[in-house]
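These are my notebook entries on one protein chain. I began with a single residue and then turned to the chain as a whole.

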Amino acid sequence: MIKRTISSSQTVLMKIIFPMVWIPLFGIGALMVFFSPSSDPQFPKFYFLFMWIAGSVFIYRLCVRLKKVSLDNRFLYISNYIREIAVPLTEIYDVTENVWINIHPVTIHLKVSSEFGDKIRFMPKTRFFAWFSSHPIVNELKELANLRN
């Protein structure tokens, strides 16, 4: 039972560092634009505020909720970098991905909710020049789950 990591080593960058930099810096910029006096009354101050809020929500939903995922021949090991849980492969009922987003987030749908919920999202290892194509880990996880069900 050799445990191997299937999530990208860049997960910590996308989950922790990128949101901690982008959200406050863009927010400071948006607030500076919003509260600065403008000579043009048509200047769209609310656009910057809206873009900051929308971008922050998008980053939270896409990046902050990412997990580190490993597997062996019986379990998925899911970590939020504070705690790790083991989920039997038999608990997987579907695996999906979003090929339209550059990090190709993969979502593992579980039959029963775990400590991290019933959907586990992770960023698979990077493949260069593989735009808009399915990541091989999706089929591998589906096969592992189907072999056990």
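I looked up F34 and found it in helix 1, which covers residues 11–35. Helices here are DSSP runs of H or I with at least four residues, strands are runs of E with at least two, and both are numbered from the N terminus.

I noted that the model is predicted: local features need pLDDT of at least 70, side-chain atom pairs count only at pLDDT 80 or more, and totals for chains, interfaces and linings use all residues. Residues are numbered from 1 along each chain as its sequence is written, and side-chain values use heavy atoms, with hydrogens and water left out.

Which residues does F34 contact, leaving aside neighbours within four places in sequence? I found K45, F46 and L49; contact means heavy atoms within 4.5 Å. I also looked up P44, ten residues from F34 along the chain, and found 8.8 Å between their C-alpha atoms.

I then turned to the whole chain. The protein chain has three helices and seven strands, in the order β-α-α-β-β-β-β-β-β-α along the sequence. Its radius of gyration is 19 Å, well over the 15 Å that the globule rule gives for 149 residues, so the chain is more spread out than a compact globule. This radius is taken over C-alpha atoms, and the rule is 2.2 Å times the number of residues to the power 0.38. Along the principal axes, the C-alpha atoms fill a box of roughly 65 × 35 × 25 Å.

Lastly, I looked up burial: 36% of the 149 residues count as buried, that is, under 20% relative accessible area (1.4 Å probe, protein chains only).

Terms used:
Buried means under 20% relative accessible area, exposed over 50%, partly exposed in between (1.4 Å probe, protein chains only).
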